[in-house]
Amino acid sequence: MLSEKSVTELKANLRGRVIERGDRDYEEARKLYNAMIDKRPLLIAQCADVADVISSVRFGRQNNLLTAIRGGGHNGPGLGSCNDGLVIDLSPMKGVRVDPANRTVRVGPGCVQGDVDHAGHAFGLAVPAGIVSTTGIAGLTLGGGHGYLARKYGLTIDNLIEADVVLADGSFVTANPSHHEDLFWALRGGGGNFGVVTSFVFQGQPVSQVFAGPIFWKIEDARQIMRWYREFLPRAPVEFCPFLGVKTVPSTDPFPKELWGRKICALICCYNGPLDKAEQIFKLIRQELPSPILDWTGSMPFPTLQSLFDPLFPKGMQWYWKGDFVKELSDEAIDVHLNYAAKAPSELSLMHLYPIDGAVHRVGKDATAWSCRDATWSMVIAGIDPDPAKAGPITAWAKEYWEALHPFTMGGAYVNFMMEEGEDRVRATYGNNYERLVAIKNKYDPDNFFRVNQNIKPAGRKSEKVAAS
Ligand SMILES: Cc1cc2nc3c(=O)[nH]c(=O)nc-3n(C[C@H](O)[C@H](O)[C@H](O)COP(=O)(O)OP(=O)(O)OC[C@H]3O[C@@H](n4cnc5c(N)ncnc54)[C@H](O)[C@@H]3O)c2cc1C
């Protein structure tokens, strides 16, 4: 039981607000991006600064509270919140500082992707990260982070230079290649297991105008497109990053009415390089593939591409997703994709294959916590719908689809494309890096205070039943 006195003390210690269950804005403050997840924390500490984070961590410890860390609140299984515990909500801690001389970008833990894209673009820079502008940069980065720039510049973690961290005992450290190297290694892919990151410093990369956009083909052409794609990608220049989607045209503007509800195979493209070279690639696509039913590629500022799909995916829909790393796209796997595409339970439900070759492969398997440096794609199968009544069908579809496809994949998955799937899945993802992560967890969080995440359990606690929600 929490005493009123201790809550009053926490409130007095924080510059930000502490929201309790009875408060007027509690319902709004606890909402997560995925409306399928309905968690009711006791307290939400909306931190204004690092001092607030330190006080919140100490409060959580002293009161033995299950404690979650929330960045953008976009996590699929809702690991940015918890039931009956404390949420350390970092969303007020925004702010991006671009240093154009050194091409570095310092990012607050409450920033979303769009904040970083916007700030960097003014300087002709971008931080390689995700593809939807509302996603939290903190959770995305700590899980690894991939998007349109991955083939050229690597994962988000490959562009991380430094992180400020509040540890489980409330102390503060800066982790980089020469200070707390072990922690810095673990933060690059190990998720929120090791502390609360209060500031990230990234290498900015030269990105400004890109040639990009979606191309749709009718589903009858999908087999040909997918076979072409698997052959083409390894020989494509790393400036070109097309991700593949098997999906449905949403029955909404701006899509042409005659396409609404049609099943499609899509390439969502981004070319970040000289525009004349982009033209050569898109000419090749037109020559080698059937005529598309929609081609919206063109030259656009990078932040425009990054927010292109935001209107389709507002906060508050039902999501159930599962992922896997994929090395090869066999004919048998294509059959499975087409079978489940035909059975998609809603127009927004989808399968995407995001390329993680090129620069991602140039980093060693043990150079960061992210060990899967030889996958060609990070795959996500997502059942999505605005209607809560569809929660069952979209979940069942995503699970069945994944079960059927899993034998054709590499075993582990991007931690940010997992629901709560248990320790074996987390181990499979980290592979040979898992034991090193456990050792670092032992050092920085031996009591598993930070356990509302894709949890890496400290050694000796394997049989302990750790509440994760
Ligand atoms: C529409 C959509 C599009 C997406 N697109 C991409 C994409 O293109 N590329 C990609 O890589 N991923 C993508 N993702 C997945 C995304 O990376 C995860 O959902 C990620 O968890 C989002 O981070 P967040 O800060 O919003 O999460 P939150 O829900 O706030 O937090 C999730 C987890 O991160 C940890 N965490 C958050 N902030 C901190 C912090 N400051 N310190 C320590 N731990 C912290 C917490 O432990 C928590 O477990 C997408 C997700 C959605 C919903």
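These notebook entries record what I looked up in a predicted model.

**Conventions**

I worked on a predicted model in which local features need pLDDT of at least 70 and side-chain atom pairs count only at pLDDT 80 or more, while totals for chains, interfaces and linings use all residues. I number residues from 1 along each chain as its sequence is written, and side-chain values use heavy atoms, with hydrogens and water left out.

**Entry 1: salt bridges**

I looked up the salt bridges (a side-chain nitrogen of Lys or Arg within 4 Å of a carboxyl oxygen of Asp or Glu). The structure holds 33 of them.

I began with Lys94 and Asp115, whose closest N and O atoms are 2.9 Å apart. For accessibility I took buried as under 20% relative accessible area, exposed as over 50% and partly exposed as in between (1.4 Å probe, protein chains only). Lys94 is partly exposed at 48%, and Asp115 is partly exposed at 25%.

I then turned to Arg425 and Asp324, which form a salt bridge with closest N and O atoms 3.0 Å apart. This pair links distant parts of the chain, as Arg425 is in helix α13 (residues 423-430) and Asp324 in strand β17 (residues 318-326), 101 residues apart. I noted both Arg425 and Asp324 as buried.

Asp445 and Lys441 also meet in a salt bridge, at 2.8 Å from N to O. Both of these residues are buried.

**Entry 2: backbone geometry**

I found a cis peptide bond between Asp253 and Pro254, with omega about 5°. Pro254 is in the loop between β13 (243-248) and β14 (263-271).

Which value does phi of Asn64 take? I read a value near 55°, which is positive in a residue other than glycine. Asn64 sits in the loop between α3 (50-62) and β3 (67-70), and Asn64 is exposed at 71% relative accessible area. Asp84 likewise has a positive phi, near 60°. Asp84 belongs to the loop between β3 and β4 and is partly exposed at 48%.

**Entry 3: a five-stranded sheet**

I traced an open sheet of five strands in the order β5-β6-β10-β8-β9, with antiparallel pairing. Its edge strands are β5 and β9 (172-175), each of which pairs on one side only. I counted two strands as paired if DSSP finds at least two bridges between them. The twist averages 15° from one strand to the next; axes are lines fitted to C-alpha atoms, for helices over the stretch in contact, and angles run from 0 to 180 degrees between N-to-C directions.

Strand β6 (residues 104-107) pairs with β5 in the antiparallel sense over four bridges. Asp99 has Thr104 in β6 as its bridge partner. Helix α4 packs on the sheet and touches β5 and β6, and its direction makes about 30° with that of β5. Contact here means heavy atoms within 4.5 Å.

**Entry 4: aromatic rings**

I looked up ring pairs of Phe, Tyr and Trp (its six-membered ring), which pair if their centres lie within 6.5 Å; planes under 30 degrees apart count as stacked, over 60 as edge-to-face and the rest as tilted. The structure holds 22 aromatic pairs.

The ring centres of Tyr33 and Trp319 are 5.6 Å apart and the planes stand at 50°, so I listed the pair as tilted. Tyr33 is in the loop between α2 (26-30) and β2 (43-46) and Trp319 in strand β17, 286 residues apart. Tyr33 is buried at 8%, and Trp319 is buried at 10%. Phe232 and Phe240 have ring centres 6.1 Å apart and planes at 75°, so this pair is edge-to-face. Both Phe232 and Phe240 are buried.

I also noted one aromatic cluster, whose members include Tyr33, Trp319, Trp321 and Phe325.

Definitions and conventions. Helices (H or I, at least four residues) and strands (E, at least two) are DSSP runs, numbered from the N terminus.
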